[in-house]
Amino acid sequence: MQLTHIEHIGIAVKSIDDARKYYENVLGLTCYKIEEVADQKVKTAFFKVGDTKIELLESTNPEGPVGKFIEKKGEGIHHIAFAVKGIDGAIEHLLSNGVQMIDQKSRKGAEGLDIAFLHPKSSMGVLTEICEDINK
Ligand code: CMX
């Protein structure tokens, strides 16, 4: 399995409109995209920091994964996403090493990436995503 870099860090926020003021006005980053991912019940906002992105996640439904996370834990780091070469092979590798996968097959996520989530119980409490940009 070949991880190339941290593709993004997902941060759960109550309001993208409020949170982006800190990322833009204080940290000096630029929001280059806002995208709703309907099946994940989130709105996302992206900022680039070198090769890595910050993905702000605002829930659009309290029953969605980010809505439930904020209800239980409040705002904060929600997941880490690694870019991988060959996501299908990586999923096979993880499964054969006993990792519990939330997604047994890759699916389309924000920014058109192929993504799959590992269950946090298999990764020391850190919700982890692997993703691949097939256009790169
Ligand atoms: N990080 C670490 N642990 C988490 C977590 C997170 N982000 N979200 C939930 N958990 C933990 C909970 O604390 C709980 O632990 P305990 O059993 O010790 O209390 C356990 O996982 C179960 O939590 P839950 O609230 O009952 O939630 P569910 O089982 O319904 O779902 C999870 C948890 C991780 C399977 C679900 O959130 C999921 O499928 N996530 C992947 C998809 C996702 O997060 N999408 C949003 C981002 C989309 C994007 O980036 O575009």
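Predicted model: local features only at pLDDT ≥ 70, side-chain atom pairs only at ≥ 80, totals over all residues.
**Ligand site**

- The ligand sits in the largest pocket, where 17 residues surround it, the closest being Gln40, Lys68, His78, Lys121 and Gly125.
- Lys68, one of these closest residues, has an N or O atom in its side chain that is 2.7 Å from an oxygen atom of the ligand.
- In the side chain of Glu55, an N or O atom is placed 3.1 Å from an oxygen atom of the ligand.
- Strand E4 (52-59), helix H2 (65-73) and strand E5 (76-85) each supply at least two residues of the shell around the ligand, and the largest share, five residues, comes from H2.
- By residue class, the shell around the ligand divides into seven nonpolar, five polar and five charged residues.

**Sheet architecture**

- Eight strands form an open sheet with mixed pairing, and their order across the sheet is E2-E3-E4-E1-E5-E8-E7-E6.
- Strand E2 (31-37) and strand E6 (107-108) stand at the edges of this sheet, and because each has a single partner strand, one side of each is left without a neighbour in the sheet.
- Strands of a sheet pair through backbone hydrogen bonds, in either the parallel or the antiparallel sense.

**Pairing of strand E1**

- Strand E1 (residues 2-13) pairs with E4 in the parallel sense over six bridges, whereas E1 and E5 run antiparallel and are joined by nine bridges.
- Ile11 has Leu56 as its bridge partner in E4.
- His8 stands opposite Lys53 in E4, and His8 also stands opposite Ala81 in E5.
- E4 and E5, the two strands that pair with E1 in these ways, are also among the elements that each supply at least two residues of the shell around the ligand.

**Loop residues with positive phi**

- Most residues other than glycine have a negative phi, and the two residues that follow are given against that background.
- Glu111, found in the loop between E6 and strand E7 (114-118), has a phi near 65°, a positive value in a residue other than glycine.
- Met124, which lies in the loop between E7 and strand E8 (128-132), has a phi near 50°, again a positive value in a residue other than glycine.

Conventions:
Residues numbered from 1 in each chain as written. Heavy atoms only, no water. Near = heavy atom within 4 Å. Polar contact = N/O pair within 3.5 Å; in protein donor to acceptor, adjacent residues only side chain to side chain. 1 Å grid on protein atoms, 1.4 Å probe; cavity = no way out; pocket = protein on both sides within 12 Å on 5 of 7 lines; lining within 4 Å. Sits in = over half its atoms within 2 Å of the grid points. Helix = DSSP H or I, 4+ residues; strand = E, 2+ residues; numbered from the N terminus. Nonpolar A, V, L, I, M, F, W, Y, C, P; charged D, E, K, R; others polar. Pairing = 2+ DSSP bridges.
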